[in-house]
Amino acid sequence: MNVRDYDPTKDRAAVLRLWREIGWLREGNPDEALDCLLQAGRTLVSDINGEVECMVATAPGTIQHLGDPIPFSGVMAVCTSLIARRQGLAKRLTARAVAAQVAEGALVSGLGMFDQGYYDQLGFGTGGYEHYVTFDPLLLNVNARPRVPRRLTKDDWLLMHQNRLARLCRHGSLAMQEPTVTRFEILLSHNGFGLGYGDGPNGALTHHFWCEADDLEYGPHNVKWLVYQTREQFLELLALTKSLSDQVRLVRIQEPQGIQLQDYLERPLRQRRTTYRTRYENTIRAVAHWQTRICDLLGCLERTHLRSDTVRFNLRLHDPIERYLDNGASWRGLSGDYVVTLGPSSGAERGTDSTLPTLTASLNAFTRLWLGVRPASGLAYTDDLSGPPGLLEELDWALRLPDPRTDWDI
Ligand SMILES: CC(C)(COP(=O)(O)OP(=O)(O)OC[C@H]1O[C@@H](n2cnc3c(N)ncnc32)[C@H](O)[C@@H]1OP(=O)(O)O)[C@@H](O)C(=O)NCCC(=O)NCCS
C-alpha cells in the first residue's frame with residue numbers, strides 16, 4: 001500500500017469522485033465543501049493505478065479534560081472507493097494518520113464512528129451516550145421573551161466558528177481549530193439557517209444556533225449546534241426556539257452536557273405517548289457514536305488534575321494499533337508498562353513498581369477510564385480492563401468525572 005499526502009492539484013478530481021460515489025457529497029452539495037474540510041488539516045491518501053482510492057483527513061483542535069484543554073486531532077473523514085473495499089486500506093491508512101497526528105503534537109485522537117468494532121482495532125474506545133431530544137417547541141416551559149435575533153446565513157461561517165470556540169466548554173468538549181471545519185458543516189446543511197445574538201465587543205456573536213430541516217415549513221428542525229456562554233443566553237435560545245412554535249411542530253436538539261433537557265418540557269411522557277409513531281413523534285434517543293484514544297499517555301496525564309485523593313498503580317497497557325503500523329515506524333502506539341499517578345497532580349513513567357497493584361488494560365479501555373466514560377468497576381465487566389478489586393474501587397472514587405460530551409460532531 002502506498003501512502004502519501006493529498007495533493008490538491010493532482011488529487012482533487014479523484015477525491016471528489018470518491019465522495020460522490022459513496023454519497024458523502026449529494027446533489028446540491030458544492031465541491032467546495034470538500035476543499036473546506038481538507039484545508040483544515042492534513043490528508044493522507046492511497047492510490048490504485050495512480051489514482052486516489054482511499055483517503056483519511058485529520059484536523060487539529062482541543063478536547064477538554066475537566067479544566068484543561070488537551071491538544072487533540074480529529075479523524076474527520078475516512079473513506080475507500082467502491083473499487084478498493086476490504087483490502088485493509090482504510091484501517092492501515094487511519095493507523096498512519098494517527099501516527100501523523102502524534103508527530104504533529106496531538107495527545108488525543110477522536111472520530112465519529114460508522115460503527116463500533118472497526119476503529120477499536122486501532123485503540124479507539126467508545127464515548128458515552130449522547131441524548132437527542134425531539135420535542136414540540138410549543139411545550140418548552142420557558143417564559144422569557146426573546147429579543148429580536150440576528151439572522152445567520154451560510155456566509156456567517158466565520159462568526160459562528162468564533163462563537164463556537166468561545167462557547168461554554170465542559171468536560172469532553174471539542175474545539176476544532178480551523179474555521180473551515182464549521183464552513184464544511186454549513187455547506188453540507190440542507191436548508192441551513194441560524195439565529196443568534198451579538199452581545200460581544202463590536203457585535204461579536206455570543207450565542208446562536210444553526211439548524212437544518214428537510215421541511216422548513218413544519219419541521220423537524222434539526223439543531224446542528226447550540227452555542228452559549230451563560231444560563232441567560234441558553235434560556236434566550238430556548239425561548240427563541242419556542243417562538244417558532246406557531247409554525248414548527250418538531251425540533252431536535254442534542255442535549256448539552258450537565259443539562260437534563262426534559263426539565264424544560266411540559267408533560268413529556270404524555271406527549272411521548274400521544275405522538276408515538278406519528279410524523280412528529282416526541283422522543284429522547286440515546287446513542288454512543290464517537291470514539292477517542294490517548295496518543296501520548298505521559299502528555300495526557302501531565303494535564304490531568306483530578307479533584308480526588310491520589311492513586312498510584314502499575315499499568316500494563318496493550319495498544320492494538322501496533323499491528324497496523326510498520327515494524328520500523330518511529331511511533332508504534334503505547335503498549336508497555338507504566339507507573340501511573342492519578343490525582344490533583346498526575347503523571348506516568350515507564351517501568352513497574354513491585355509495591356503497587358497492577359491494572360491491565362487495552363488502550364481503548366484505559367482511554368474510556370481516563371475520560372470518565374464509565375468507571376473502572378464497570379469497564380472491568382464490559383471492556384478489556386482488569387485489576388484487584390481494591391484498586392478498581394479506588395479508581396472509581398478518583399475518577400468521578402462528569403459524563404464527557406464532545407458538543408461538536410466530527
Ligand atoms: C468503512 C470503510 C472506510 C472501510 O474501508 P475499507 O478500506 O474497505 O476497510 P478495511 O479493508 O480496512 O476493513 C474492512 C474490514 O473491516 C471489517 N469491518 C467492517 N465493519 C466492522 C466493524 N464494525 N467491526 C469490526 N470489523 C468491521 C470488514 O468486515 C472487513 O473485514 P475483512 O477484512 O475481514 O473482510 C468503507 O467501507 C467506506 O468508505 N465506507 C463509506 C464511508 C464511511 O462510512 N466511512 C467511515 C466513516 S467513520
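F366 touches I294, L317 and A361, leaving out residues up to four places away in sequence. Two residues are in contact if their C-beta atoms, placed from the backbone, lie within 7 Å. This is a predicted model: local features need pLDDT of at least 70, side-chain atom pairs count only at pLDDT 80 or more, and totals for chains, interfaces and linings use all residues. Residues are numbered from 1 along each chain as its sequence is written.

**The chain as a whole**

- The chain has eleven helices and 20 strands. Helices (H or I, at least four residues) and strands (E, at least two) are DSSP runs, numbered from the N terminus.
- A compact globule of 410 residues would have a radius of gyration near 22 Å, and the chain agrees because its value is 22 Å. The radius is taken over C-alpha atoms, and the globule rule is 2.2 Å times the number of residues to the power 0.38.
- Along the principal axes, the C-alpha atoms fill a box of roughly 65 × 55 × 45 Å.
- Of the 410 residues, 45% count as buried. A residue is buried if 20 or more other C-beta atoms lie within 10 Å of its own, exposed if 12 or fewer, and partly exposed in between, with C-beta atoms placed from the backbone.
- Among contacts with a separation of 6 or more, 72% join residues 24 or more positions apart.

**The ligand shell**

- The ligand is surrounded by 19 residues. The closest are C79, T80, A90, K91 and G117.
- A residue belongs here if its C-beta atom, placed from the backbone, lies within 6 Å of the molecule.
- By class, the shell holds nine nonpolar, six polar and four charged residues. Ala, Val, Leu, Ile, Met, Phe, Trp, Tyr, Cys and Pro count as nonpolar, Asp, Glu, Lys and Arg as charged, and the others, Gly among them, as polar.

- Strands of a sheet pair through backbone hydrogen bonds, either parallel or antiparallel.
- Seven strands form an open sheet in the order β8-β10-β11-β12-β13-β7-β14, and the pairing is mixed. Its edge strands, β8 (150-152) and β14 (283-287), each pair on one side only.
- Neighbouring strands of this sheet are turned by 25 degrees against each other on average, direction ignored.
- Two strands pair if DSSP finds at least two bridges between them.
- Strand β10 (residues 193-197) runs antiparallel to β11 (residues 207-213), joined by five bridges. Y197 stands opposite H207, and G196 has H208 as its bridge partner.
- On to the next strand: six bridges join β11 to β12 (residues 221-227), again antiparallel. Here H208 stands opposite V227.
- β11 is mostly covered, with six of its seven residues buried.

- A five-strand open sheet has the order β18-β17-β16-β19-β20, with mixed pairing. The edge strands are β18 (347-350) and β20 (385-386), and each pairs on one side only.
- β17 (residues 336-342) and β18 pair in the antiparallel sense over four bridges. V340 stands opposite A348.
- Helix α9 lies across β16 (311-318), β19 (358-362) and β20, running at about 110 degrees to β19.
- Helix α11 (residues 389-398) packs on the sheet and touches β16, β17 and β19. The direction of α11 makes about 105 degrees with that of β16.
- Axes are lines fitted to C-alpha atoms, for helices over the stretch in contact, and angles run from 0 to 180 degrees between N-to-C directions.

**Two residues compared**

- F366 sits in helix α9 (residues 363-371). F366 is buried because 29 other C-beta atoms lie within 10 Å.
- F366 and D246 are 120 residues apart along the chain, and their C-alpha atoms are separated by 49 Å.
- S377 is placed in helix α10 (residues 376-382). S377 has 14 C-beta neighbours inside 10 Å, so S377 counts as partly exposed.
- Aside from neighbours within four places in sequence, S377 is in contact with L392, E393 and D396.
- S377 and A361 are 16 residues apart along the chain, with 12 Å between their C-alpha atoms.
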